[in-house]
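This briefing is meant for a reader who is meeting the structure for the first time. Please look through the sequence and the model, and then follow the points below topic by topic.

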Amino acid sequence: MSDTSSSPTSSSPTGSSPTGSSLTSAEIASQPAVWRRAAETLPRQAAALPRRGERVAVVGCGTSWFMAQSYAVLRETGGHGETDAYAASEFPLGRRYDRVLAITRSGTTTEVLDLLHRMKGTVATGAVTADPATPVMRAADAVAVLDFADEESVVQTRFATANLALLRAHLESEGALPAGVRPLDAAIRDAERAVAQPLGTALTGAEQVTFLGTGWTCGLALEAALKMREAAGAWTEAYPAMEYRHGPISITGPGRVAWAFGELPEGLAGDVARVGGALVAESTGTPASLDPLADLVRAQRLAVALAEARGYDPDRPRNLTRSVVLRDSRA
C-alpha cells in the first residue's frame, strides 16, 4: 500500500466482501489499460521527471518506496544517471542531489511532505501522485498526476505499477532502458496474460511464500510480500535472490513457495527442490515468460485470493488507512 502503514489513530474492519468480489480485484485487472494510459500521458508529465545526467534521489513510503527502489536500479543501470532510493523518513539530508522525486498516491503522506518542504528552494523537486487536490501539488516544484490510476481500495496495486510504467516509458523514450528489460508495450501484453492466468493450487494452498528478486526486481519482491501481508495477513518474506541461500532458505520446505521475479540465479532451482519447496519463476529469457512487473500482477491476485479464502476484506485490511498523516507534523 503506497504511503500507508499501520496507523496509530485509525483502523479498518475486516470481514467478508458482501458481493464476493473486491474493488481490489477490479483495480488489479485494470492494470494493462492503466499502464498504457500512463505511457500516453508521458509528454505532459515530463516536467516532474529526472533529466538525463542528473543525480537523483527517489523517495516514498511503503509501496512507493519499493517502486522507488525498482526505478532507481532501472535508471542507473540504463545510464540515465546516478540514482538512489530512500524511505522518505530516512533521507540523508547532508547528501547532494540535483533532483528529488517523490512518489505519493495520496499526496498527503506526512514524511513525504515534510521532506519536500525541507528541500524547497535548495534542490529541484518533483512528485508523482494520484490526487491533484492535495498538499503535494504545492510542496513539489512539478507534479505528474496519474489520477486515472487512483484506487478506492486501501491496498495499493495499480497506482504503484502505473508509476513504474510511466518511469519505464520515460527511460525508453530517452534510450535508457537497460539491456534485457522489455519495452513497456511488451510488458503490457504480458500483464494482459497475467490477469487471466490460473494461479494454481501450489500457490493458493501454500503455507508460506518467500519472494526473491535481482537488480530492479528486488523492489518488486518486497512489494509482493507487502501485498500478501496487507491484504491477507499472510506470512511472507522477501530477499535479493542471491541472499536466499544465506539463511532464508531455512524457511522453505514442503507446502512452501519460493517465488523469483526475473532471472533465476544458477543453482537456486536445485536448492529449492532439495529442501522440498515449490519454485515459481518466470525466466525472462524465454518467449512464454512474463515481464517481472506483469508477474507482480499475479502476486497481487494471490494476495486477494488468500484474503478472501480467509474471510478478510482485501479492500479494507485491518490496522491500515490510505495515508499516514501524523498529527504533530509541520506538513
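Two strands count as paired if DSSP finds at least two bridges between them, and helices (H or I, at least four residues) and strands (E, at least two) are DSSP runs, numbered from the N terminus. This is a predicted model, in which local features need pLDDT of at least 70 and side-chain atom pairs count only at pLDDT 80 or more, while totals for chains, interfaces and linings use all residues. Residues are numbered from 1 along each chain as its sequence is written, and side-chain values use heavy atoms, with hydrogens and water left out.

**The chain as a whole**

- The chain contains twelve helices and nine strands, and 57% of its 331 residues are buried, where buried means under 20% relative accessible area, exposed over 50%, and partly exposed in between (1.4 Å probe, protein chains only).
- Among contacts (heavy atoms within 4.5 Å) in the chain with a separation of 6 or more, 73% are between residues 24 or more positions apart.
- The accessible surface comes to about 12,900 Å², and 52% of this belongs to carbon and sulfur atoms; the areas are from the Shrake-Rupley method with a 1.4 Å probe, and for residues only the protein chains shown count as cover.

- An open sheet is formed by five strands in the order 2-1-3-4-5, with parallel pairing; strand 2 and strand 5 (142-145) are its edge strands, each of which pairs on one side only.
- Neighbouring strands of this sheet are turned against each other by 20° on average, direction ignored; axes here are lines fitted to C-alpha atoms, for helices over the stretch in contact, and angles run from 0 to 180 degrees between N-to-C directions.
- Strand 3 pairs with strand 4 (residues 124-129) in the parallel sense over six bridges, and Arg99 has Ala124 in strand 4 as its bridge partner.
- Strand 4 and strand 5 run parallel and are joined by four bridges, with Val128 having Ala144 of strand 5 as its bridge partner.
- From strand 5, Ala142 and Ala144 point one way while Val143 and Val145 point the other way, and all are buried.

**Helix 4 and its surroundings**

- Helix 4 (residues 63-77) has 15 residues and reaches 21 Å from its first C-alpha to its last, close to the 21 Å expected at 1.5 Å a residue, the expected span being 1.5 Å times one less than the number of residues.
- Helix 4 lies across strand 1, strand 2 and strand 3, and runs at about 170° to strand 2.
- Eleven of the 15 residues of helix 4 are buried, which leaves this helix mostly covered; Phe66, Met67 and Tyr71 are among the buried residues.
- The cover over these buried residues includes strand 1 (56-60), strand 2 (83-87), strand 3 (99-104), helix 7 (158-173) and helix 10.
- Just after helix 4, Gly79 takes a positive phi of about 80°.

- Strand 8 (residues 256-261) and strand 9 run parallel and are joined by four bridges, and Ala258 stands opposite Leu279 in strand 9.

**Nonpolar cores**

- In soluble globular proteins, nonpolar side chains tend to be buried together.
- A nonpolar core is a set of buried Ala, Val, Leu, Ile, Met, Phe, Trp, Tyr and Cys residues joined through side-chain atoms within 4.5 Å; the largest one here has 70 residues, and Phe211, Trp259 and Phe261 have the most contacts inside it.
- Helix 12 gives the largest share of this core, ten residues.
- A second, separate core of 21 residues includes Cys61, Tyr86, Met119 and Ala139.

**Glu174**

- Glu174 lies in the loop between helix 7 and helix 8 (184-194), and Glu174 is partly exposed, with a relative accessible area of 32%.
- Leaving aside neighbours within four places in sequence, Glu174 is in contact with Arg52 and His80; Glu174 and His80 are 94 residues apart in sequence and 8.3 Å apart in space, C-alpha to C-alpha.
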